[in-house]
Structures are given as C-alpha cells and as structure tokens.
Amino acid sequence: PELSPLPRARVRLTDPVRPDSKRLHITRAQVVRCAPDGSLWATPASTQGSGMLRSMIGVNALVEVPPGTATLPPGTEVGAHLLSLL
C-alpha cells in the first residue's frame, strides 16, 4: 500500500532562525495552536545536528527554512510537515 504524505501547514516562528545560504534546511520544532485565532506557532528544538536524534523527543513538526542570508525573525511564516495532528 502507498503511504500518504505528512500533513502540511503554514506556521509562524517563535524564535529567530538562521537559514543555510544555499539550500533548504529542515528544522525540528514543537508546533502549538494559539487561541483565539487558531494560528500555528513553531518553536525550534535547541539542537539541530543531523546526528542529534535526541532532539526528535518532544517535537511534532519538521519546519522548512528556505535558503537565504538573513536570519528569519520571530513571526515569519514558513511551511511545515506535521508529524502529529494538532
């Protein structure tokens, strides 16, 4: 059977995120729904190295950080793959 893709959503960053200058970067994050508007906010995990599997504990999304040279400020909207339904 074919596996369905992860659900996608638009989220806003709670913290500044520095992008890679040349490629898309996937950041582990905890996403929560905020009241009263129902917007989704993503807090990046503190460690992001490829060998840091411990950083998957407590996250529920993989956030797409587009390539660029400027740090993304809090409130920036980006795409995310949700690992669990909110």
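Guide: Let us begin with the word contact, which means heavy atoms within 4.5 Å. Under that definition, residues 24 or more positions apart account for 69% of the contacts in the chain with a separation of 6 or more. This is a predicted model, in which local features need pLDDT of at least 70 and side-chain atom pairs count only at pLDDT 80 or more, while totals for chains, interfaces and linings use all residues. Residues are numbered from 1 along each chain as its sequence is written, and side-chain values use heavy atoms, with hydrogens and water left out.

Visitor: How do you know how many helices and strands there are in the chain?

Guide: Both are DSSP runs, numbered from the N terminus: helices are H or I with at least four residues, and strands are E with at least two. The chain has zero helices and five strands, so its pattern along the sequence reads β-β-β-β-β.

Visitor: What makes two strands a pair?

Guide: Two strands pair if DSSP finds at least two bridges between them. In general, strands of a sheet pair through backbone hydrogen bonds, either parallel or antiparallel.

Visitor: What overall arrangement do the five strands form?

Guide: They form a closed barrel that runs β1-β3-β2-β4-β5, with mixed pairing. Neighbouring strands of this sheet are turned by 50° against each other on average, direction ignored. The axes are lines fitted to C-alpha atoms, for helices over the stretch in contact, and angles run from 0 to 180 degrees between N-to-C directions.

Visitor: Why is Ala9 called buried?

Guide: Buried means under 20% relative accessible area, exposed means over 50%, and partly exposed lies in between (1.4 Å probe, protein chains only). Ala9 has a relative accessible area of 16%, which is under 20%, and therefore counts as buried. Ala9 touches Leu40, Val78, Gly79, Ala80 and Leu82, not counting residues up to four places away in sequence. The C-alpha atoms of Ala9 and His81 are separated by 6.6 Å, although the two residues are 72 residues apart along the chain.

Visitor: Why is Arg18 called exposed?

Guide: The relative accessible area of Arg18 is 70%, which is over 50%, so the residue counts as exposed. Arg18 sits in the loop between β1 and β2. The C-alpha atoms of Arg18 and Thr71, 53 residues apart along the chain, are separated by 4.4 Å.

Visitor: Why is the pair of Arg8 and Glu64 called a salt bridge?

Guide: A salt bridge is a side-chain nitrogen of Lys or Arg within 4 Å of a carboxyl oxygen of Asp or Glu. The closest N and O atoms of Arg8 and Glu64 are 3.0 Å apart, so the pair meets the criterion. This pair links distant parts of the chain, with Arg8 in strand β1 and Glu64 in strand β4 (residues 61-65), 56 residues apart. Arg8 counts as partly exposed because its relative accessibility is 48%.

Visitor: How many salt bridges does the structure hold, and which residues do they join into one network?

Guide: The structure holds three salt bridges. Arg10 forms one with Glu77, the closest N and O atoms being 3.3 Å apart. Arg10 lies in strand β1 and Glu77 in strand β5 (residues 77-82), so this pair ties together parts that are 67 residues apart in sequence. Glu77 also forms a salt bridge with Arg12, with the closest N and O atoms 3.6 Å apart. Salt bridges that share partners join Arg10, Arg12 and Glu77 into one network.
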